[in-house]
Amino acid sequence: MPKGAESLLDVLAAHEVEVVFGLPGVHNLAIWEALEKHKSIRMIGVRHEQTAVYAADGYARATGKLGVAIVTTGPGAANTLGATGEAWASGSPVLVVATNIPSTLRQPGVYRGVLHETRDQKAMFGPVTKAAFDVPDAQEVGAYTDKAVQAAAQSPHGPVYLGVPTDFLSAEVPHHTPAKAERSHVVPDLAEAEELIARAQRPLIWAGGGAARSGAGAAVGALADKLSAPIITTYGARGLTDSRYVVKGPVHAPPVGRLWDEADLVIAIGTDFDGMMTQNWLQPKPPTLLAINVDKAEANKNYPADVTIEGDAAAVTEALAAKVVDKEAVVDVEAVNAEVRAFAEADSPEAVKLLQALEGETATIVADMCIPGYWIGGFHHVTKPRGLAYPVGWGTLGFGFPAAIGAAFAGRTIAVVGDGGFLFACGDLATLRQENLPLTIVLVDDGGYGMLRYDQQIAGHAISGVDLTRPDFAKLAESFGIPAVTLDGFDGLREALDNANGPTMIVVNAGLTPPVSTSPRWYRKKTT
(Lines give C-alpha, C1' and ligand atoms only; values in the text may rest on other atoms or scores of the structure.)
Protein backbone atom coordinates (compact mmCIF):
# COMPACT_ATOMS: atom_id res chain seq x y z
CA MET A 1 0.00 0.00 0.00
CA PRO A 2 1.26 3.51 -0.76
CA LYS A 3 1.89 6.11 1.89
CA GLY A 4 -0.38 9.15 2.02
CA ALA A 5 2.24 11.40 0.40
CA GLU A 6 2.63 8.95 -2.48
CA SER A 7 -1.14 8.71 -2.95
CA LEU A 8 -1.41 12.51 -3.09
CA LEU A 9 1.23 12.66 -5.83
CA ASP A 10 -0.25 9.71 -7.72
CA VAL A 11 -3.60 11.48 -7.93
CA LEU A 12 -1.97 14.71 -9.11
CA ALA A 13 -0.05 12.77 -11.77
CA ALA A 14 -3.26 11.04 -12.87
CA HIS A 15 -4.67 14.52 -13.48
CA GLU A 16 -1.63 15.29 -15.68
CA VAL A 17 0.08 17.60 -13.19
CA GLU A 18 3.71 17.86 -14.30
CA VAL A 19 5.12 20.59 -12.07
CA VAL A 20 4.40 21.85 -8.56
CA PHE A 21 5.84 24.81 -6.69
CA GLY A 22 6.60 24.73 -3.01
CA LEU A 23 8.67 25.18 0.10
CA PRO A 24 9.70 22.42 2.50
CA GLY A 25 8.78 22.52 6.17
CA VAL A 26 8.92 20.13 9.07
CA HIS A 27 5.33 18.98 8.47
CA ASN A 28 5.50 18.40 4.70
CA LEU A 29 8.90 16.76 4.29
CA ALA A 30 7.23 13.44 3.51
CA ILE A 31 5.90 14.95 0.27
CA TRP A 32 9.37 16.14 -0.74
CA GLU A 33 10.79 12.70 0.00
CA ALA A 34 8.04 11.08 -2.08
CA LEU A 35 8.82 13.46 -4.94
CA GLU A 36 12.37 12.12 -5.07
CA LYS A 37 10.89 8.79 -6.21
CA HIS A 38 8.04 10.24 -8.27
CA LYS A 39 9.60 10.91 -11.65
CA SER A 40 6.54 12.33 -13.44
CA ILE A 41 6.15 15.46 -11.26
CA ARG A 42 8.81 18.12 -11.00
CA MET A 43 9.03 20.06 -7.74
CA ILE A 44 10.24 23.64 -7.98
CA GLY A 45 11.56 24.83 -4.65
CA VAL A 46 10.92 28.56 -4.21
CA ARG A 47 12.04 30.98 -1.48
CA HIS A 48 8.69 32.11 -0.12
CA GLU A 49 5.27 30.48 0.13
CA GLN A 50 3.62 33.44 -1.57
CA THR A 51 5.88 32.84 -4.56
CA ALA A 52 4.72 29.21 -4.65
CA VAL A 53 1.09 30.23 -5.23
CA TYR A 54 1.90 33.15 -7.52
CA ALA A 55 4.04 30.80 -9.63
CA ALA A 56 1.25 28.22 -9.69
CA ASP A 57 -1.14 30.98 -10.78
CA GLY A 58 1.25 32.22 -13.49
CA TYR A 59 1.66 28.66 -14.74
CA ALA A 60 -2.13 28.19 -14.83
CA ARG A 61 -2.70 31.45 -16.72
CA ALA A 62 0.00 30.70 -19.29
CA THR A 63 -0.97 27.06 -19.91
CA GLY A 64 -4.62 26.67 -18.97
CA LYS A 65 -3.60 23.73 -16.79
CA LEU A 66 -3.95 23.28 -13.04
CA GLY A 67 -1.31 25.13 -11.03
CA VAL A 68 -0.26 23.43 -7.80
CA ALA A 69 1.49 24.83 -4.72
CA ILE A 70 2.61 22.66 -1.79
CA VAL A 71 3.42 24.46 1.45
CA THR A 72 3.76 23.71 5.11
CA THR A 73 1.63 24.34 8.17
CA GLY A 74 0.47 27.49 9.99
CA PRO A 75 2.64 30.46 8.98
CA GLY A 76 3.63 28.67 5.78
CA ALA A 77 -0.02 28.32 4.79
CA ALA A 78 -0.81 31.87 5.93
CA ASN A 79 1.96 33.27 3.76
CA THR A 80 0.06 32.13 0.65
CA LEU A 81 -3.13 34.07 1.30
CA GLY A 82 -2.35 37.20 -0.74
CA ALA A 83 -1.44 35.14 -3.79
CA THR A 84 -4.39 32.81 -3.29
CA GLY A 85 -6.69 35.83 -3.21
CA GLU A 86 -5.33 37.00 -6.55
CA ALA A 87 -5.99 33.56 -8.08
CA TRP A 88 -9.52 33.64 -6.64
CA ALA A 89 -10.36 37.10 -7.95
CA SER A 90 -8.91 36.23 -11.38
CA GLY A 91 -10.53 32.79 -11.69
CA SER A 92 -7.28 30.80 -11.91
CA PRO A 93 -7.38 27.02 -11.44
CA VAL A 94 -4.90 26.64 -8.56
CA LEU A 95 -4.62 23.98 -5.87
CA VAL A 96 -2.97 24.97 -2.58
CA VAL A 97 -1.92 21.88 -0.61
CA ALA A 98 -0.96 22.78 2.95
CA THR A 99 -0.07 20.34 5.70
CA ASN A 100 -1.44 20.67 9.22
CA ILE A 101 -0.32 19.56 12.67
CA PRO A 102 -0.66 15.83 13.45
CA SER A 103 -4.26 14.72 13.85
CA THR A 104 -3.33 13.01 17.12
CA LEU A 105 -2.46 16.38 18.66
CA ARG A 106 -5.50 18.26 17.47
CA GLN A 107 -8.39 19.20 19.73
CA PRO A 108 -11.11 20.87 17.60
CA GLY A 109 -11.57 24.53 18.51
CA VAL A 110 -8.70 24.49 20.99
CA TYR A 111 -5.31 26.10 20.47
CA ARG A 112 -2.85 23.89 22.37
CA GLY A 113 0.44 25.51 21.32
CA VAL A 114 1.70 22.82 18.96
CA LEU A 115 4.40 24.08 16.57
CA HIS A 116 2.72 25.95 13.65
CA GLU A 117 -0.77 25.27 15.01
CA THR A 118 -3.76 27.50 14.23
CA ARG A 119 -7.29 27.24 15.60
CA ASP A 120 -8.71 26.63 12.13
CA GLN A 121 -6.30 26.70 9.21
CA LYS A 122 -8.93 25.90 6.61
CA ALA A 123 -11.04 28.86 7.77
CA MET A 124 -8.25 31.27 6.80
CA PHE A 125 -8.75 30.22 3.18
CA GLY A 126 -12.54 30.46 3.08
CA PRO A 127 -12.78 34.06 1.78
CA VAL A 128 -10.14 33.58 -0.94
CA THR A 129 -10.94 30.16 -2.39
CA LYS A 130 -13.63 28.54 -4.46
CA ALA A 131 -13.66 25.59 -2.05
CA ALA A 132 -11.65 24.36 0.94
CA PHE A 133 -11.24 20.79 2.18
CA ASP A 134 -9.57 19.14 5.16
CA VAL A 135 -8.74 15.46 4.73
CA PRO A 136 -10.69 13.84 7.60
CA ASP A 137 -8.92 10.47 7.64
CA ALA A 138 -5.66 9.08 6.29
CA GLN A 139 -7.57 6.55 4.23
CA GLU A 140 -9.12 9.40 2.23
CA VAL A 141 -5.99 11.32 1.19
CA GLY A 142 -6.31 10.16 -2.42
CA ALA A 143 -10.07 10.72 -2.60
CA TYR A 144 -9.86 14.24 -1.17
CA THR A 145 -6.96 15.17 -3.43
CA ASP A 146 -9.08 14.05 -6.36
CA LYS A 147 -12.05 16.06 -5.10
CA ALA A 148 -9.93 19.19 -4.68
CA VAL A 149 -8.40 18.92 -8.16
CA GLN A 150 -11.81 18.43 -9.74
CA ALA A 151 -13.17 21.48 -7.91
CA ALA A 152 -10.32 23.75 -9.04
CA ALA A 153 -10.48 22.62 -12.65
CA GLN A 154 -14.26 22.76 -13.04
CA SER A 155 -15.83 25.92 -14.45
CA PRO A 156 -16.08 28.52 -13.08
CA HIS A 157 -12.41 28.06 -12.23
CA GLY A 158 -10.79 29.15 -9.01
CA PRO A 159 -8.29 28.21 -6.31
CA VAL A 160 -8.98 25.36 -3.89
CA TYR A 161 -7.38 24.64 -0.51
CA LEU A 162 -6.54 21.12 0.62
CA GLY A 163 -5.36 20.59 4.21
CA VAL A 164 -3.57 17.34 5.10
CA PRO A 165 -2.49 16.48 8.66
CA THR A 166 1.19 15.58 8.58
CA ASP A 167 0.72 12.11 10.10
CA PHE A 168 -1.56 11.15 7.18
CA LEU A 169 1.39 11.55 4.81
CA SER A 170 3.32 8.64 6.32
CA ALA A 171 0.31 6.40 6.92
CA GLU A 172 -0.39 3.46 4.61
CA VAL A 173 -3.44 4.26 2.52
CA PRO A 174 -5.42 2.57 -0.26
CA HIS A 175 -4.78 3.31 -3.92
CA HIS A 176 -7.18 5.83 -5.40
CA THR A 177 -7.84 5.92 -9.12
CA PRO A 178 -9.49 9.19 -10.20
CA ALA A 179 -12.43 8.89 -12.55
CA LYS A 180 -11.89 10.64 -15.87
CA ALA A 181 -13.95 13.80 -15.93
CA GLU A 182 -16.37 13.77 -18.84
CA ARG A 183 -16.98 17.31 -20.02
CA SER A 184 -19.87 17.68 -22.41
CA HIS A 185 -21.20 21.14 -23.16
CA VAL A 186 -24.94 21.26 -23.73
CA VAL A 187 -25.96 24.37 -25.65
CA PRO A 188 -29.31 25.73 -24.48
CA ASP A 189 -31.94 27.22 -26.73
CA LEU A 190 -30.61 30.31 -28.52
CA ALA A 191 -33.85 31.71 -29.93
CA GLU A 192 -34.00 34.74 -27.61
CA ALA A 193 -30.35 35.56 -28.28
CA GLU A 194 -30.87 35.31 -32.04
CA GLU A 195 -33.84 37.67 -31.79
CA LEU A 196 -31.81 40.31 -29.91
CA ILE A 197 -29.01 40.10 -32.45
CA ALA A 198 -31.39 40.29 -35.41
CA ARG A 199 -32.77 43.61 -34.11
CA ALA A 200 -29.37 45.16 -33.35
CA GLN A 201 -27.92 47.86 -35.60
CA ARG A 202 -24.66 48.46 -33.69
CA PRO A 203 -23.67 45.26 -31.87
CA LEU A 204 -20.55 45.20 -29.69
CA ILE A 205 -18.81 42.11 -28.30
CA TRP A 206 -17.28 42.33 -24.81
CA ALA A 207 -15.14 39.27 -24.05
CA GLY A 208 -13.76 38.53 -20.58
CA GLY A 209 -11.54 36.10 -18.75
CA GLY A 210 -14.16 33.35 -18.86
CA ALA A 211 -13.99 33.43 -22.65
CA ALA A 212 -10.22 33.04 -22.48
CA ARG A 213 -10.37 30.17 -19.98
CA SER A 214 -12.89 28.30 -22.13
CA GLY A 215 -10.77 28.71 -25.28
CA ALA A 216 -13.47 30.73 -27.02
CA GLY A 217 -11.15 32.76 -29.24
CA ALA A 218 -12.08 31.17 -32.55
CA ALA A 219 -15.79 31.30 -31.72
CA VAL A 220 -15.64 34.96 -30.68
CA GLY A 221 -13.77 35.77 -33.90
CA ALA A 222 -16.37 33.92 -35.95
CA LEU A 223 -19.24 35.77 -34.27
CA ALA A 224 -17.51 39.11 -34.85
CA ASP A 225 -17.02 38.22 -38.53
CA LYS A 226 -20.73 37.47 -38.93
CA LEU A 227 -21.86 40.61 -37.12
CA SER A 228 -19.02 42.94 -38.20
CA ALA A 229 -18.91 43.80 -34.50
CA PRO A 230 -16.00 45.38 -32.64
CA ILE A 231 -14.49 43.19 -29.88
CA ILE A 232 -13.48 44.78 -26.60
CA THR A 233 -11.41 42.40 -24.46
CA THR A 234 -10.91 42.73 -20.74
CA TYR A 235 -7.45 42.39 -19.21
CA GLY A 236 -8.08 38.69 -18.63
CA ALA A 237 -8.93 38.14 -22.30
CA ARG A 238 -6.09 39.96 -24.00
CA GLY A 239 -4.88 37.99 -27.03
CA LEU A 240 -8.09 35.94 -27.12
CA THR A 241 -8.45 36.20 -30.91
CA ASP A 242 -6.54 37.67 -33.85
CA SER A 243 -9.77 38.91 -35.42
CA ARG A 244 -9.53 42.15 -37.38
CA TYR A 245 -12.39 43.41 -35.20
CA VAL A 246 -10.32 43.45 -31.99
CA VAL A 247 -10.07 46.90 -30.45
CA LYS A 248 -6.46 47.58 -29.43
CA GLY A 249 -6.97 49.70 -26.38
CA PRO A 250 -8.84 49.87 -23.07
CA VAL A 251 -12.44 50.90 -22.71
CA HIS A 252 -11.11 53.66 -20.43
CA ALA A 253 -9.77 55.49 -23.50
CA PRO A 254 -12.49 57.77 -24.91
CA PRO A 255 -12.32 56.38 -28.48
CA VAL A 256 -13.08 52.90 -27.09
CA GLY A 257 -15.56 54.09 -24.49
CA ARG A 258 -17.49 55.69 -27.33
CA LEU A 259 -18.09 52.23 -28.83
CA TRP A 260 -19.79 51.17 -25.61
CA ASP A 261 -21.91 54.30 -25.49
CA GLU A 262 -23.05 53.96 -29.11
CA ALA A 263 -23.79 50.22 -29.09
CA ASP A 264 -27.45 49.21 -29.10
CA LEU A 265 -26.54 45.63 -28.12
CA VAL A 266 -23.61 44.40 -26.03
CA ILE A 267 -22.86 40.68 -26.23
CA ALA A 268 -21.00 39.86 -23.01
CA ILE A 269 -19.02 36.62 -23.20
CA GLY A 270 -17.45 35.19 -20.06
CA THR A 271 -17.36 38.40 -18.04
CA ASP A 272 -18.79 39.83 -14.81
CA PHE A 273 -18.16 43.52 -15.69
CA ASP A 274 -15.90 44.24 -12.72
CA GLY A 275 -15.24 47.70 -11.38
CA MET A 276 -11.74 47.98 -12.85
CA MET A 277 -13.02 47.54 -16.40
CA THR A 278 -16.16 49.66 -16.06
CA GLN A 279 -14.73 52.61 -14.09
CA ASN A 280 -16.66 51.36 -11.07
CA TRP A 281 -19.81 50.95 -13.19
CA LEU A 282 -19.86 54.53 -14.40
CA GLN A 283 -20.28 53.06 -17.89
CA PRO A 284 -24.02 53.22 -18.46
CA LYS A 285 -25.91 49.97 -18.80
CA PRO A 286 -26.28 49.28 -22.52
CA PRO A 287 -29.76 49.54 -24.08
CA THR A 288 -29.75 45.77 -24.56
CA LEU A 289 -27.42 43.23 -22.96
CA LEU A 290 -26.96 39.59 -23.97
CA ALA A 291 -24.81 37.57 -21.55
CA ILE A 292 -23.11 34.24 -22.25
CA ASN A 293 -21.64 32.79 -19.08
CA VAL A 294 -21.16 29.50 -17.29
CA ASP A 295 -22.57 31.13 -14.14
CA LYS A 296 -25.83 33.05 -14.50
CA ALA A 297 -25.45 34.89 -11.19
CA GLU A 298 -21.95 36.11 -12.04
CA ALA A 299 -23.16 37.29 -15.44
CA ASN A 300 -25.90 39.44 -13.91
CA LYS A 301 -24.43 40.77 -10.67
CA ASN A 302 -23.27 44.14 -12.05
CA TYR A 303 -25.26 44.79 -15.23
CA PRO A 304 -28.48 42.73 -15.33
CA ALA A 305 -28.80 41.11 -18.76
CA ASP A 306 -31.91 41.16 -20.90
CA VAL A 307 -31.13 37.59 -21.96
CA THR A 308 -28.65 35.22 -20.32
CA ILE A 309 -27.43 32.06 -22.02
CA GLU A 310 -25.92 29.85 -19.32
CA GLY A 311 -23.24 27.55 -20.66
CA ASP A 312 -19.64 27.16 -21.79
CA ALA A 313 -18.49 30.35 -23.52
CA ALA A 314 -16.79 28.56 -26.42
CA ALA A 315 -19.60 26.11 -27.11
CA VAL A 316 -22.41 28.66 -26.87
CA THR A 317 -20.62 31.35 -28.89
CA GLU A 318 -19.71 28.85 -31.62
CA ALA A 319 -23.33 27.71 -31.88
CA LEU A 320 -24.57 31.30 -31.93
CA ALA A 321 -22.10 32.30 -34.66
CA ALA A 322 -23.41 29.47 -36.82
CA LYS A 323 -26.99 30.70 -36.50
CA VAL A 324 -26.86 34.50 -36.85
CA VAL A 325 -27.22 36.34 -40.13
CA ASP A 326 -24.37 38.45 -41.51
CA LYS A 327 -24.47 42.18 -40.80
CA GLU A 328 -22.81 45.10 -42.57
CA ALA A 329 -20.03 46.90 -40.71
CA VAL A 330 -21.04 50.12 -39.00
CA VAL A 331 -17.81 50.75 -37.07
CA ASP A 332 -14.40 51.16 -38.72
CA VAL A 333 -12.30 49.29 -36.14
CA GLU A 334 -9.07 50.10 -37.92
CA ALA A 335 -9.83 53.82 -37.62
CA VAL A 336 -10.69 53.42 -33.94
CA ASN A 337 -7.37 51.66 -33.34
CA ALA A 338 -5.50 54.44 -35.10
CA GLU A 339 -7.29 56.97 -32.90
CA VAL A 340 -6.35 54.98 -29.78
CA ARG A 341 -2.69 54.90 -30.76
CA ALA A 342 -2.69 58.64 -31.51
CA PHE A 343 -4.33 59.22 -28.13
CA ALA A 344 -1.58 57.20 -26.37
CA GLU A 345 1.20 58.98 -28.26
CA ALA A 346 -0.16 62.37 -27.26
CA ASP A 347 -0.65 61.26 -23.67
CA SER A 348 2.81 59.76 -23.04
CA PRO A 349 5.46 59.50 -25.79
CA GLU A 350 7.77 57.71 -23.32
CA ALA A 351 5.17 55.03 -22.55
CA VAL A 352 4.66 54.50 -26.28
CA LYS A 353 8.38 53.71 -26.55
CA LEU A 354 7.77 50.85 -24.11
CA LEU A 355 4.82 49.65 -26.17
CA GLN A 356 6.85 49.87 -29.37
CA ALA A 357 9.64 47.80 -27.82
CA LEU A 358 7.09 45.05 -27.09
CA GLU A 359 5.21 45.31 -30.39
CA GLY A 360 4.79 41.90 -32.03
CA GLU A 361 6.33 40.18 -29.00
CA THR A 362 5.57 36.43 -28.93
CA ALA A 363 6.77 35.81 -25.37
CA THR A 364 4.23 35.63 -22.57
CA ILE A 365 4.20 38.96 -20.73
CA VAL A 366 3.52 39.06 -17.00
CA ALA A 367 2.90 42.60 -15.75
CA ASP A 368 2.90 43.74 -12.15
CA MET A 369 0.73 46.41 -10.53
CA CYS A 370 3.05 49.21 -11.59
CA ILE A 371 2.77 52.09 -14.04
CA PRO A 372 4.57 50.26 -16.91
CA GLY A 373 2.29 47.30 -16.22
CA TYR A 374 -0.78 49.51 -16.42
CA TRP A 375 0.33 50.77 -19.83
CA ILE A 376 0.90 47.22 -21.04
CA GLY A 377 -2.39 45.94 -19.64
CA GLY A 378 -4.27 48.77 -21.30
CA PHE A 379 -2.51 49.48 -24.58
CA HIS A 380 -0.20 46.60 -25.55
CA HIS A 381 -1.65 44.46 -28.33
CA VAL A 382 -1.23 40.86 -27.18
CA THR A 383 -0.57 38.48 -30.06
CA LYS A 384 -1.62 35.10 -28.62
CA PRO A 385 -4.17 33.62 -26.23
CA ARG A 386 -2.92 33.62 -22.64
CA GLY A 387 -0.16 35.97 -23.74
CA LEU A 388 -0.66 38.43 -20.86
CA ALA A 389 -0.99 37.82 -17.13
CA TYR A 390 -1.99 40.90 -15.18
CA PRO A 391 -3.08 41.03 -11.50
CA VAL A 392 -6.18 43.16 -11.73
CA GLY A 393 -8.37 40.54 -10.14
CA TRP A 394 -7.32 41.51 -6.63
CA GLY A 395 -4.63 44.00 -7.54
CA THR A 396 -1.75 42.36 -5.69
CA LEU A 397 1.48 44.33 -5.93
CA GLY A 398 4.41 41.91 -6.14
CA PHE A 399 2.61 39.45 -8.46
CA GLY A 400 4.70 40.07 -11.58
CA PHE A 401 8.06 38.42 -10.94
CA PRO A 402 6.95 35.29 -9.03
CA ALA A 403 4.02 34.67 -11.39
CA ALA A 404 6.43 34.94 -14.31
CA ILE A 405 8.50 32.12 -12.80
CA GLY A 406 5.49 29.85 -13.23
CA ALA A 407 4.62 31.19 -16.68
CA ALA A 408 8.19 30.55 -17.87
CA PHE A 409 7.58 26.80 -17.67
CA ALA A 410 5.35 27.30 -20.72
CA GLY A 411 8.07 29.09 -22.69
CA ARG A 412 9.85 32.41 -23.03
CA THR A 413 8.43 34.99 -20.65
CA ILE A 414 8.95 38.69 -19.94
CA ALA A 415 8.16 40.06 -16.49
CA VAL A 416 7.51 43.82 -16.44
CA VAL A 417 7.86 45.06 -12.87
CA GLY A 418 8.55 48.20 -10.90
CA ASP A 419 11.31 48.66 -8.37
CA GLY A 420 8.90 48.58 -5.43
CA GLY A 421 6.93 45.46 -6.33
CA PHE A 422 10.01 43.50 -7.41
CA LEU A 423 11.49 43.73 -3.93
CA PHE A 424 8.54 41.73 -2.56
CA ALA A 425 10.03 38.54 -4.01
CA CYS A 426 13.58 39.39 -5.03
CA GLY A 427 14.87 36.34 -3.13
CA ASP A 428 13.40 34.19 -5.87
CA LEU A 429 16.16 35.34 -8.18
CA ALA A 430 17.70 32.22 -6.65
CA THR A 431 14.84 30.12 -8.03
CA LEU A 432 15.19 31.74 -11.45
CA ARG A 433 18.88 30.88 -11.56
CA GLN A 434 18.37 27.45 -10.01
CA GLU A 435 15.86 26.42 -12.69
CA ASN A 436 17.58 28.33 -15.53
CA LEU A 437 14.25 29.60 -16.84
CA PRO A 438 13.72 31.53 -20.10
CA LEU A 439 12.62 34.62 -18.20
CA THR A 440 13.66 38.22 -18.79
CA ILE A 441 12.87 40.72 -16.05
CA VAL A 442 12.26 44.26 -17.28
CA LEU A 443 12.54 46.30 -14.10
CA VAL A 444 11.46 49.93 -14.47
CA ASP A 445 13.01 51.95 -11.67
CA ASP A 446 11.26 55.23 -10.90
CA GLY A 447 12.55 55.54 -7.36
CA GLY A 448 9.72 53.94 -5.41
CA TYR A 449 5.96 53.51 -5.59
CA GLY A 450 5.32 55.68 -8.65
CA MET A 451 1.56 55.18 -8.74
CA LEU A 452 1.16 56.21 -5.11
CA ARG A 453 3.46 59.19 -5.66
CA TYR A 454 1.16 60.27 -8.50
CA ASP A 455 -1.91 59.84 -6.25
CA GLN A 456 -0.34 62.15 -3.67
CA GLN A 457 0.70 64.70 -6.28
CA ILE A 458 -2.70 65.07 -7.92
CA ALA A 459 -4.36 65.29 -4.51
CA GLY A 460 -2.01 68.10 -3.53
CA HIS A 461 -0.62 66.09 -0.63
CA ALA A 462 2.94 65.98 0.60
CA ILE A 463 5.03 63.14 -0.86
CA SER A 464 5.48 60.62 1.94
CA GLY A 465 6.29 56.93 2.23
CA VAL A 466 6.69 56.34 -1.49
CA ASP A 467 10.32 57.21 -2.22
CA LEU A 468 12.35 54.07 -1.54
CA THR A 469 15.94 53.13 -0.86
CA ARG A 470 16.78 50.57 -3.52
CA PRO A 471 19.73 48.35 -4.28
CA ASP A 472 21.74 48.43 -7.47
CA PHE A 473 19.35 46.05 -9.20
CA ALA A 474 21.79 45.00 -11.91
CA LYS A 475 24.41 44.08 -9.32
CA LEU A 476 21.75 42.29 -7.27
CA ALA A 477 20.83 40.13 -10.25
CA GLU A 478 24.48 39.48 -11.08
CA SER A 479 25.11 38.37 -7.50
CA PHE A 480 22.68 35.50 -8.23
CA GLY A 481 24.51 34.72 -11.47
CA ILE A 482 21.90 36.44 -13.67
CA PRO A 483 23.23 38.74 -16.43
CA ALA A 484 21.91 42.30 -16.28
CA VAL A 485 22.04 45.51 -18.29
CA THR A 486 20.93 49.02 -17.37
CA LEU A 487 19.22 51.52 -19.70
CA ASP A 488 18.30 55.15 -19.23
CA GLY A 489 14.85 55.30 -20.76
CA PHE A 490 13.21 52.82 -23.13
CA ASP A 491 15.43 53.51 -26.13
CA GLY A 492 17.40 50.32 -26.64
CA LEU A 493 14.89 48.08 -24.85
CA ARG A 494 13.99 46.12 -27.99
CA GLU A 495 17.65 45.41 -28.70
CA ALA A 496 18.21 44.32 -25.10
CA LEU A 497 15.23 41.96 -25.29
CA ASP A 498 16.53 40.48 -28.55
CA ASN A 499 19.88 39.80 -26.88
CA ALA A 500 18.35 38.22 -23.77
CA ASN A 501 18.95 34.51 -23.45
CA GLY A 502 17.86 32.50 -20.43
CA PRO A 503 17.50 34.28 -17.08
CA THR A 504 18.26 37.98 -17.57
CA MET A 505 17.42 41.36 -16.09
CA ILE A 506 17.05 44.66 -17.92
CA VAL A 507 16.92 47.65 -15.57
CA VAL A 508 15.27 50.73 -17.12
CA ASN A 509 15.65 54.01 -15.27
CA ALA A 510 12.47 55.84 -16.22
CA GLY A 511 9.39 57.51 -14.81
CA LEU A 512 5.99 57.36 -16.50
CA THR A 513 2.66 59.08 -16.05
CA PRO A 514 -0.11 56.56 -15.31
CA PRO A 515 -2.45 55.84 -18.24
CA VAL A 516 -6.15 56.63 -18.42
CA SER A 517 -6.95 53.06 -17.39
CA THR A 518 -5.87 53.87 -13.81
CA SER A 519 -8.60 55.12 -11.51
CA PRO A 520 -7.23 58.65 -10.87
CA ARG A 521 -7.50 59.27 -14.61
CA TRP A 522 -10.83 57.65 -15.42
CA TYR A 523 -12.72 60.03 -17.67
CA ARG A 524 -16.19 59.02 -16.55
CA LYS A 525 -17.23 60.98 -13.47
CA LYS A 526 -20.19 60.87 -11.13
CA THR A 527 -22.72 63.52 -12.06
CA THR A 528 -24.14 63.90 -8.55
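How much space lies in the largest cavity? The volume of the largest cavity is about 110 Å³. The structure is a predicted model, in which local features need pLDDT of at least 70 and side-chain atom pairs count only at pLDDT 80 or more, whereas totals for chains, interfaces and linings use all residues. Residues are numbered from 1 along each chain as its sequence is written, and side-chain values use heavy atoms, with hydrogens and water left out.

Rolling a probe the size of a water molecule over the atoms shows where empty space is left. On a 1 Å grid over the protein atoms alone, a cavity is a set of points where a 1.4 Å probe fits but cannot get out, and a pocket is an open set with protein on both sides within 12 Å along at least five of seven lines; lining residues have an atom within 4 Å of a point. Grid points are joined across faces, edges and corners, and a volume is the space filled by probe spheres set on the points. The largest cavity is lined by 15 residues, and Thr-233, Arg-238, Val-247, His-380 and His-381 are the closest to its centre. Its lining comprises six nonpolar, seven polar and two charged residues, where Ala, Val, Leu, Ile, Met, Phe, Trp, Tyr, Cys and Pro count as nonpolar, Asp, Glu, Lys and Arg as charged, and the others, Gly among them, as polar. The second largest cavity holds about 50 Å³ of space. Its lining is formed by Arg-202, Pro-203, Leu-204, Pro-230, Leu-259, Ala-263 and Val-331, a set with six nonpolar, no polar and one charged residues.

Of its 29 lining residues, Met-369, Cys-370, Ile-371, Tyr-374 and Met-451 lie nearest the centre. At least two lining residues come from each of helix H18 (371-379), helix H20 (419-422) and helix H22 (450-459), helices (H or I, at least four residues) and strands (E, at least two) being DSSP runs numbered from the N terminus. Helix H22 supplies the largest share of this lining, four residues. By class, the lining of the second largest pocket contains 16 nonpolar, nine polar and four charged residues.

Aromatic contacts were also examined. Rings of Phe, Tyr and Trp (its six-membered ring) pair if their centres lie within 6.5 Å; planes under 30 degrees apart count as stacked, over 60 as edge-to-face and the rest as tilted. Across the whole structure, 15 aromatic pairs are found. The pair Trp-206 and Trp-260 is edge-to-face, because the ring centres are 5.2 Å apart and the planes lie at 70°. This pair links distant parts of the chain, with Trp-206 in strand S7 (residues 203-207) and Trp-260 in helix H12 (residues 254-262), 54 residues apart. Trp-206 is buried at 0% relative accessibility, and Trp-260 is buried at 1% (buried means under 20% relative accessible area, exposed over 50%, partly exposed in between, with a 1.4 Å probe and protein chains only). Ring pairs join Trp-206, Trp-260, Phe-273 and Tyr-303 into a cluster.

Most residues other than glycine have a negative phi, and most peptide bonds are trans. Phe-273, although not a glycine, has a positive phi of about 55°. Phe-273 lies in the loop between strand S9 (265-269) and helix H13 (275-278) and is buried, with a relative accessible area of 1%. Glu-16 likewise has a positive phi, near 65°, and is placed in the loop between helix H1 (4-14) and strand S1 (19-22). At 60% relative accessibility, Glu-16 is exposed. The peptide bond from Ser-155 to Pro-156 is cis, with omega near -5°, and Pro-156 belongs to the loop between helix H7 (141-153) and strand S6 (160-165).

Arg-524 is located in the segment after strand S17 (504-509) and is buried, with a relative accessible area of 11%. A polar atom of the Arg-524 side chain lies 3.3 Å from the backbone oxygen of Gly-257. The side chains of Arg-524 and Tyr-523 are joined by a polar contact of 3.1 Å, defined as a pair of N or O atoms within 3.5 Å; within protein, one must be able to donate a hydrogen and the other to accept it, and residues adjacent in sequence count only if both atoms are side-chain atoms.
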